[in-house]
Amino acid sequence: MTPPPTQPVLRLSDVVYGVAERQLLAGADLTVPAGRSVSVMGPSGSGKSTLLMCLMGLIRPEFGRVEVMGENLARLSPRALAAHRRRHIGMVFQFGELLPELTPVENVMIASLLAGDLADTARSRAEKLLHGLGVPHRTATQDLSGGERQRVAVARALVNTPELLADEPTGSLDGEHREAVADLLFSTPRDHGCALVVVTHDPAVASRADVRLHLHEGRLVQVEEAR
Ligand SMILES: Nc1ncnc2c1ncn2[C@@H]1O[C@H](COP(=O)(O)OP(=O)(O)O)[C@@H](O)[C@H]1O
Ligand SMILES: [Mg+2]
């Protein structure tokens, strides 16, 4: 079910979260409507990955509210939360964690299979995505380069066309592949009406988002365009 375009599908309100006496999130607010993209920049260690973990429901904030598709994550049982995440969230992890004993295609298919798709559908979608990203299908996962792994991780997040979160998805890519990954990520909200949050160090990637935010002292602040 795709909500009407104005309904926020990802929303954090007044989220507070700290580790080891350091407040990483100190009243963070974020609203991403369907079909829109947001980028988040900020220094290393400022809490960007932590922010995405809150949106995934992998971290429960000390204060504040996290909603995905209108569902308050704090109200879901662990089982319901896992199902909600599987169905609605695609995450590109910073280090593109893949399962080395599966082939690249299987690594992408698994997300689709877990969401309940038939194997043939899952396989053809996975192959198409990997082909589009220029990843060699037949290479064993452990023999892929860092950049190839990162692209497999992007394909896996995209296979169900869910709401998307991406943690530095272009960090280890060179120019051409960086463009291909960014093109695919940013076309997803446009083509499928999902919300996209991209954490990135790359100003060129950040500037492609509809809204550019900076994580500053635990809050998300809008970046003024330098024009
Ligand atoms: N579970 C944890 N225990 C202790 N420190 C943590 C934990 N998770 C994150 N941190 C620390 O919190 C800070 C922010 O982490 P992170 O959200 O990964 O930052 P970013 O993604 O912006 O680089 C870092 O200093 C990190 O070392
Ligand atoms: Mg990080």
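Tutor: Ala, Val, Leu, Ile, Met, Phe, Trp, Tyr, Cys and Pro count as nonpolar, Asp, Glu, Lys and Arg as charged, and the others, Gly among them, as polar. The model is predicted: local features need pLDDT of at least 70 and side-chain atom pairs count only at pLDDT 80 or more, while totals for chains, interfaces and linings use all residues. Residues are numbered from 1 along each chain as its sequence is written, and chains are lettered from A and ligands numbered from 1 in the order in which they are written.

Student: How many nonpolar, polar and charged residues has the shell around ligand 1?

Tutor: A residue is near a molecule if its C-beta atom, placed from the backbone, lies within 6 Å of it. Around ligand 1, seven residues are polar, three are nonpolar and one is charged. Val19, Ala20, Leu24, Gly42, Ser44, Gly45, Ser46, Gly47, Lys48, Ser49 and Thr50 surround the ligand.

Student: Which helix gives the largest share of the shell around ligand 1?

Tutor: Helices (H or I, at least four residues) and strands (E, at least two) are DSSP runs, numbered from the N terminus. Helix α1 (residues 48-56) provides the largest share, three residues.

Student: What is the value of phi at Ala20?

Tutor: Most residues other than glycine have a negative phi. Ala20 has a positive phi, near 45°. Ala20 sits in the loop between β1 (8-19) and β2 (22-33), and counts as exposed because 5 C-beta neighbours lie inside 10 Å. Met69 also has a positive phi, near 55°, in the loop between β4 (63-68) and β5 (71-72). Met69 is buried, because 20 other C-beta atoms lie within 10 Å.

Student: What is the order of strands in the open sheet of six strands?

Tutor: Two strands pair if DSSP finds at least two bridges between them. The order is β6-β7-β8-β3-β9-β10, and the pairing is mixed. At the edges stand β6 (89-92) and β10 (219-222), each with a single partner strand, so one side of each has no neighbour in the sheet. On average, neighbouring strands are turned by 20° against each other, direction ignored. Strand β7 (residues 163-167) runs parallel to β6, joined by four bridges. Val92 stands opposite Ala166 in β7.

Student: Which strands does helix α5 lie across?

Tutor: Axes are lines fitted to C-alpha atoms, for helices over the stretch in contact, and angles run from 0 to 180 degrees between N-to-C directions. Two residues are in contact if their C-beta atoms, placed from the backbone, lie within 7 Å. Helix α5 (residues 146-158) lies across β6 and β7, at about 175° to β6. Helix α6 (residues 175-192) lies across β3 (37-41), β7 and β8 (196-199), at about 160° to β8.

Student: How many helices and strands has the chain?

Tutor: The chain has seven helices and ten strands. Of its 227 residues, 41% are buried.

Definitions and conventions. Buried ≥ 20, exposed ≤ 12 C-beta atoms within 10 Å, placed from the backbone.
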